[in-house]
Amino acid sequence: MSCDDNHEARANDRARRSLPMVGAQNGGAAGAETGLPSRPLWRSIEERSLLGAVPGAANEFPGGASEMDGVSRRGFMQLLGVSTAIATVGAACRKPNEKIIPFVRRPEEITPGNALHFATAYALEGYTSGLLVESHEGRPTKIEGNPAHPETIGATTVTEQALILGLYDDDRAKQLRRGGDAIGWQTFLGDVKARGAKLTERGGAGLRFLTGPTTSPLLADLRRRILERFPQAKFVSYAAVAGDGAVEGSKMAFGRPLVPRHHLAPAAVILSLDADFLADGPEQTRLSREFSARREPSRDMNRLYVVEPALTVTGGMADHRLRLRGSEVGALLGSLCAMLSGRGLSALGPVGSLGHGQGSWDPKWLVALCGDLERNRGRSLVIAGRRQPPVVHALAAALNVALGNLGSTVEYGLPITTDATTGTAALGALAEDIAAGSVDTLVVTGENPVYAAPVDYKLAQLLKRVPNVIYHGLYEDETAAICNYFVPAAHVLESWGDGRATDGIVSIAQPLIAPLWGGHTEAEVLAAFVGDGDLGTHELLRRYWRGMSKLPGNLVGSFDNVWERWLADGIVPDTGAGAEAGVTINGQALAQAAAPLLARSGSGMEIAFATDPKVFDGRFANNAWLQELAHPITKLTWDNALLLSDATAKGLDLETGDIVEVTYRDRTLEAPAMIVPGHVDDAITLPLGYGRTATGHVGRGVGFNANALRTSEAPWFDRGAAISKTGKRFKFAITQDHWTMSPDGRESPPPAVSAPLAEVLNAGSMFHEELEERRGPQAVIHQPVDYSGQAYKWGMSVDLNKCTGCSACVVACQSENNIASVGKDGVGRGREMQWIRIDRYFSGPVDEPEMINQPLGCVHCETAPCEYVCPVNATVHSDEGLNEMIYNRCIGTRYCSNNCPYKVRRFNFLDYTGDISAARELGMNPEVTVRSRGVMEKCTYCVQRIERARIATRIEGRTIADGELQTACQQGCPTQAIVFGSLNDPNSKVSQLHADTRRYDLLHELGTRPRTAYLARVRNPNPELAKVD
Amino acid sequence: MAAPNLSHDPLEPLPLIEGTHTDQTINDSLLSHVLRGAGKGWWMLFGCALSMLGLLVIAISWTLYKGIGAWGNNIPVGWAFGIINFVWWIGIGHAGTLISAILLLFQQKWRTSINRFAEAMTLFAVICALLFPLLHTGRPWFAAYWLMPYPSVQRIWPQFKSPLTWDVFAVSTYFTISLLFWFLGLVPDLAALRESTKSKTKRFIYGLFAMGWRGSGRHWAEYKWAYLLLAGLSTPLVLSVHTIVSFDFATSVIPGWHTTIFPPYFVAGAVFSGFAMVMTWMIPARHFLGLKHVVTMKHLENMNKIMLVTGMLVGYGYLMEHFIAWYSGNPYEMGQFFLTRWHGPMRWIFRTMMFCNVVVPQMFWSKRLRTSIPVMWVAAILINIGMWCERFNIVVTSLHRDFLPSSWKDYSPTWVDLSLFIGTIGLFSTLFLLFLKFVPAVAVTEVKELRHELAEHDAVAGETHA
């Protein structure tokens, strides 16, 4: 192919030009090995003497090596850096060697455009979610949810959206190495073979595998084969944020390990016990969808009670929220059981006679909740969060069973993950083994355990005692720094793989692109121990599944056809795991286990650790989209903060930005404090995932490492932290400083409207009167433009009642529209670039706030204030009513932004795209212009998607059907809060929503005639608890 | 009436020219600072000004290299120092135009000794102002010509609805007319310099710019007409330029900008600040250049009176903004004027403005204060500061808290912003010092003419009296 030739020629040219420099750095060592001229080149006498003065030049870069044809590691990086574009621009010419299958559009109407879409799967915590990846000429550019997948149902989480940036991250590890020497895969396999041979002599004693949680049947099979060969070997599965409580709890409640699977569609009353189920955990996308579907204002609307220490996305959606220290949740639950039992819920049995626990809650709250649960037997749900201890999960399970929710809102099934538990217990045993010196070879495929493991295990020191540590990871991270062998991992979009969703459905993950930097999969590393390391994951996978497909009654036709259909669909049919039948509560045992829970009353400040909605456990620390995403609650970017309540801060004389010293169990940590509304008193929350010391340049040194205080005994909650003020200050980069809708007491209409259900259902209420004034025609001098003659009149509606604030739309937009990141300094100066932002307002008292989210991008005003002020016609209106931005005409006066009442325009203050890596360029959406310095930009309603749909439908001689076209934010949204379409079609969803009684226009009083309409939020308070508004 | 040279009779107005002079002595005294070599003081000042100008060059280079991100601007504060400085400098120019054109048309004789000075100031202030509209754009290399209605092959015209397009015309017209007006007035004086100088080079250069002026009757007749015509052209400019500049704000929807009172209030503010700037420079200049006999206390007092009047107009503007905000009942307007301006994070700038622009000029009600050199000089500087603060309030304070609290942001300038501001003061000072060195600071011809007029007037008066 000619393009190949060209690229190769250029690559060679680059190589020729780069080589002398490389030689100079590496002295003669490289040349001696490969026969290249060994004499270093120099430009001056000083430089020459310098070359001589550094005898161990190669050691200066410990990761450096010289196997690669006389190219040092650094030179190799340079070569790769400059030739990445060449190597992968031609990815059309360089598909993965194996056959991958494009997604067959089903249902037909949801996939617009010409780019190819491939179904694949991604597992954050072992459970897979189905992805649909858009690929342009072999370059994956955008991630959507696979609508056919039961967990993703076409939407995505924030972290899934950001995978694209992770794929093209130039900071990813690129070199397989032994100690500091670069080696090839075959050398590695040879070493493993040799080591394996030695280990077999003792049946594999001393061989340990430390993996992350997984549901992969292939990995499970490889594990089986490894254990066959090395019967004495052990597998340990560890996740820093493991939620073992559910499994352990079901052992208590049911006498066997089961995991719950929740269904919100039938749930009228939901009680969340420290469970952020709308934004955390493998079920979040589906639960968000099911939850929001029942938020339509009607008598059937669900009601959400949340008990939690720090405000979360789920807590923000609560109709009733109780702030409670995490360690007191169990006591509350015990009391609830007792109260329900007292009211005649006899099914609770002995659990109901435990008696009331001690805690700082309002009994009235509990009584109201109790009544609601009782009235909604079989239609209620109690969810316990990952941080809660087993006994809380057990009691929650008992309650669900007693309330008759089993089979309706919750079902219990066998664990799907290979290891039922992934918490500290197994890791502790491994640490003991290492300390005892009985571990000879440790293979680490889990996520960065040196960073994430409890601090009391001192894993960093322990690992140094293991003679052979093989680490498989995406980055040269904290763990990579102390291993003997480092195997760069292939990104999920570069890998073959498989896995199961929470309901057991299997997805095959197919690579979208050959590994950019030659990474390998976990399966390949494991296969190396059974001699299959050079088979490749694709072959391993096919062999395994070919074997599986022979199961009787499973499949028809040849395996190839079946395989192709699996790949195309993104799911393997009939692989779901059913619910376990005969689940009964072992009441006596549970009552015994739960008794101490009620008596326990700790004292002192509570310290709580929390997963981060952006970087999760720290694995996404090098992802600039996520770092720059405003935290859903605090709106903090590029940092974590020690969160505490206003009252606690006042007691300690602290303000937001004060650096405090936390002392806990004789360890100390300095962290900047931030006051957050709705946080429980006498408690602090430390978000995990920050303070990374070894990762790429994006994530290094961002925030503080809460793991430094996290011990194996108390991975989530404990009492007894002490806080002292250091007197130092810290500057946060926050996108939205002010907490409320009228921070200085002005009396402007609230931007985000919220009302209780009773008012919304009453057509004559104040609510409707007020909204009536905030929509519809206004007295004008000029007749507004008539758009009714156009084929389309684009418009959007955003339902505040559905928006949880999860921010998937923000990252989806960033990915779709090639939006730049500006860094902490940029955000601190107020120059963030995201086209859509989530305005988060609080109302009510600072301790018990009501939170409301309002996604806001350009609202495409029909009479746009931005347009008439532009002196060069760079922003104009289209016939269909889009407010368009013509980048190449823009001279950057910023007048449009000044005159935008919504302040949704974004300006390229600096050159944000000029120095992006060659790799990153590949991930840009080719259908969207990359903006240069000095140019204004803003939401376009995804005009490129409109045009793509227009082309496709015009060819077919028809118009774009409603729902055929989705904007990126709409497609990413798990709750379908955003709807886009033509307002000229009276039957379109968006037209109907614009006609909804809850509809209002933001800043309607200005007469801008925005095309984006908002639907007011509805709260569904329990009449027994309804506050007087 | 008595002899021309009066002792200070309290019933008589202060004289416009002090002492007895002939044309020759006027020539000598007013041209001497041009003809003699530069003094130590001049060099020192010039050195300071040049170093500030150097800062400007650095700041501009850095801005062009890095982009607008080198400044402190953000979203929502899209405009800040750039536009503040632009409006401030344009405003300063207004005193010159007012003095040269309007006072000429009203035949105010006291304008003659200060008009040259003020016109030069106009010119230099407009040069300083003109830097910013271009510099503050994201892509000045396109802004430089896309703002002009030229027959582009892209067949795109500027957007004539945009006040920024109007600005281009308003300011470029203003600059052209001001330059012509100033130069035309200079021509006879340049001829006088050509005749007086002893250096051959200077004679050639002054001769070149004197454009063959021989002082013939016909020359004078044409000159007078041309001067009057240009004065007529300039007069509407005094009102129009700042009116149009104010449209940049008034036509927008932002609370604090969207105000119908802006045009008159901007013009008054411009004249106010312009006179303050003239005073700031005139007071030391008349002292060091020996111009006290032509720039007398009467001139200074008159200018103080104008500052009192325009200061009160500006104060009325402030009052009206608040009144209309309250009267309209618009919550955003009320929020802007009653909460953000007085109590927001930038309240100190607002309060400084109120003090400098409203309180300080009230001193000039007192004859004693308005004729005290130190008092008026300090007051002039305070008014300059106050007017800069006013523009800061309008531009930044309005923008940083507009409609939706979610997008509110604070603003702080960077070193580049400060350097640009200081740098333009350097540019202004450099040009001004060069002007004082090479061109007569006072319109010699006009002063001579005035002397004749006054002498004749007195002679006639004396005859009648006799």
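## Handedness of a helix crossing

A crossing is left-handed if the near helix is turned anticlockwise from the far one by less than a right angle, and right-handed if clockwise. In this predicted model, helices H10(B) and H11(B) cross in the left-handed sense.

## Geometry of H10(B) and H11(B)

Two packed helices are described by the angle between their axes and the distance between the axes. Helix H10 of chain B covers residues 297-328, and helix H11 of chain B covers residues 331-343. Their axes come within 8 Å and cross at roughly 140 degrees. H10(B) and H11(B) are therefore oblique to each other.

H10(B) contributes Glu321(B), His322(B), Ala325(B), Trp326(B) and Ser328(B) to the contact. From H11(B) come Glu333(B), Met334(B), Gln336(B), Phe337(B) and Phe338(B). By class, five residues of this contact are nonpolar, three polar and two charged.

H11(B) spans only 16 Å between its end C-alpha atoms. A straight helix of 13 residues would span 18 Å at 1.5 Å a residue.

Its buried residues are Tyr332(B), Glu333(B), Met334(B), Gly335(B), Gln336(B), Phe337(B), Thr340(B) and Arg341(B). They pack against three helices of chain B: H10, H12 (347-359) and H14 (373-400).

## The interface of chains A and B

Across the interface, 47 residues of chain A are in contact with 43 residues of chain B. On the chain A side, the elements giving two or more residues are helix H28 (865-869), helix H29 (895-898) and strand S33 (906-907). That side has 19 nonpolar, 14 polar and 14 charged residues.

Technical notes:
Residues are numbered from 1 along each chain as its sequence is written. Chains are lettered from A and ligands numbered from 1 in the order in which they are written. This is a predicted model: local features need pLDDT of at least 70, side-chain atom pairs count only at pLDDT 80 or more; totals for chains, interfaces and linings use all residues. Two residues are in contact if their C-beta atoms, placed from the backbone, lie within 7 Å. Helices (H or I, at least four residues) and strands (E, at least two) are DSSP runs, numbered from the N terminus. Ala, Val, Leu, Ile, Met, Phe, Trp, Tyr, Cys and Pro count as nonpolar, Asp, Glu, Lys and Arg as charged, and the others, Gly among them, as polar. Axes are lines fitted to C-alpha atoms, for helices over the stretch in contact, and angles run from 0 to 180 degrees between N-to-C directions. Angles under 35 degrees count as roughly parallel, over 145 as roughly antiparallel, 65 to 115 as roughly perpendicular and the rest as oblique. The expected span of a helix is 1.5 Å times one less than its number of residues. A residue is buried if 20 or more other C-beta atoms lie within 10 Å of its own, exposed if 12 or fewer, and partly exposed in between; C-beta atoms are placed from the backbone.
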